[in-house]
Amino acid sequence: MSRNDKPVNGQDNPSFLDLLNQTPPAPPAPELEGKHGTMRFARLRAAWKASWEEGGFLYQRWEEVFQARHASWHEVANWIKAVALFGGLSLIVLMLDAAGDIASATLKGLSAVPATSASDGSGLWGTVDHPVRVFLADQAAHLSVAPAALYAFWQLTGLLGLVGGFLGNAGARIAWLLFGIGSLAMIWSAAPAGGRAAATGLAALMWALASMVALRGLTLRPVVHNHPPQYQFNPALHLHATIPAPTPAGDDYDPDNVH
């Protein structure tokens, strides 16, 4: 450990300069005099070989990596923690960037579908879908967003809530419930007055059937976990009695009790 490195939590902070400082300088060679680059390469090669020997810089780092597989997080070397955290953050950033691109492409693809002309209100699905399209188109006239974008977002929310709820994600199930409640409210508002109740009831039944998939495994019964106690108490009664020591046989004679 170099003099500038201080132990943190009982662990030494390795310095890469130890890789060059752990070997003595190479002995001068007459044929290499005047060739500074060759001397430097020879010294670096000697340091590389010495670092993999027992007690060398790279040897110790490899031992720390090998021991990290069986150690807890607090026992792992600090440089391994730093590399793991940096790699995890980089992976999260890449996943978020990829998810943003996928979501953007999905929204653009769904937005290409017209919001009102794709359904004429006929059939069971048209009875439910057409009022939603009409409601979103009317609301988009007062917003700075296209009706197709609102309809695409509505579809994407329902799809993610259905798939995520099937996988057991709590947030996706909450989104699915809000999606269904919002859809029923839009259908009730935009459906024809004469068939408003029928259209809303039909949408509620469709939503209930789809909820069998989205809310799979959900129960209202409280889950009780019976764990055995870690410490078992065994009550016991202990009686401490003092037994008098037996007296010798000669001590039983009392002349006053002789009749």
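User: Why is Trp 48 counted as partly exposed?

Analyst: In this predicted model, Trp 48 has a relative accessibility of 48%. Buried means under 20% and exposed means over 50%, with partly exposed in between. Trp 48 is therefore partly exposed.

User: What makes Trp 52 partly exposed?

Analyst: The relative accessible area of Trp 52 is 41%, so Trp 52 is partly exposed.

User: Why is the aromatic pair of Trp 48 and Trp 52 called edge-to-face?

Analyst: The structure holds four aromatic pairs, and Trp 48 and Trp 52 form one with 6.0 Å centre to centre and 75° between the planes. Rings pair if their centres lie within 6.5 Å, and planes over 60 degrees apart count as edge-to-face. The pair of Trp 48 and Trp 52 is therefore edge-to-face.

User: What makes the pair of Trp 154 and Phe 179 tilted?

Analyst: The ring centres of Trp 154 and Phe 179 are 5.2 Å apart, and their planes stand at 35°. Planes under 30 degrees apart count as stacked and those over 60 as edge-to-face, with the rest tilted; this pair is therefore tilted. The pair links distant parts of the chain, with Trp 154 in helix 6 and Phe 179 in helix 7, 25 residues apart. Tyr 151, Trp 154, Trp 176 and Phe 179 form one aromatic cluster.

User: How do you know whether Trp 154 is buried or exposed, and what of Phe 179?

Analyst: The cut-off for buried is under 20% relative accessible area. Trp 154 has 13% relative accessibility, so Trp 154 counts as buried. Phe 179 has a relative accessible area of 16% and is therefore buried.

User: Why is helix 6 called oblique to helix 8?

Analyst: The axes of helix 6 (residues 147–166) and helix 8 (residues 196–214) come within 7 Å and cross at roughly 45°. Roughly parallel requires an angle under 35 degrees, and roughly perpendicular requires 65 to 115. Helix 6 is therefore oblique to helix 8. The residues of this contact divide into five nonpolar, two polar and no charged.

User: What makes helix 5 and helix 8 roughly perpendicular?

Analyst: The axes of helix 5 (residues 123–140) and helix 8 come within 9 Å and cross at roughly 105°. Angles of 65 to 115 degrees count as roughly perpendicular, and the two helices are therefore roughly perpendicular to each other. By class, their contact has seven nonpolar, one polar and no charged residues.

Notes. Residues numbered from 1 in each chain as written. Predicted model: local features only at pLDDT ≥ 70, side-chain atom pairs only at ≥ 80, totals over all residues. Heavy atoms only, no water. Axes fitted to C-alpha atoms, helices over the stretch in contact; angles between N-to-C directions. Helix = DSSP H or I, 4+ residues; strand = E, 2+ residues; numbered from the N terminus. Parallel < 35°, antiparallel > 145°, perpendicular 65-115°, else oblique. Nonpolar A, V, L, I, M, F, W, Y, C, P; charged D, E, K, R; others polar. Buried < 20%, exposed > 50% of the residue type's maximum accessible area, 1.4 Å probe, protein only.
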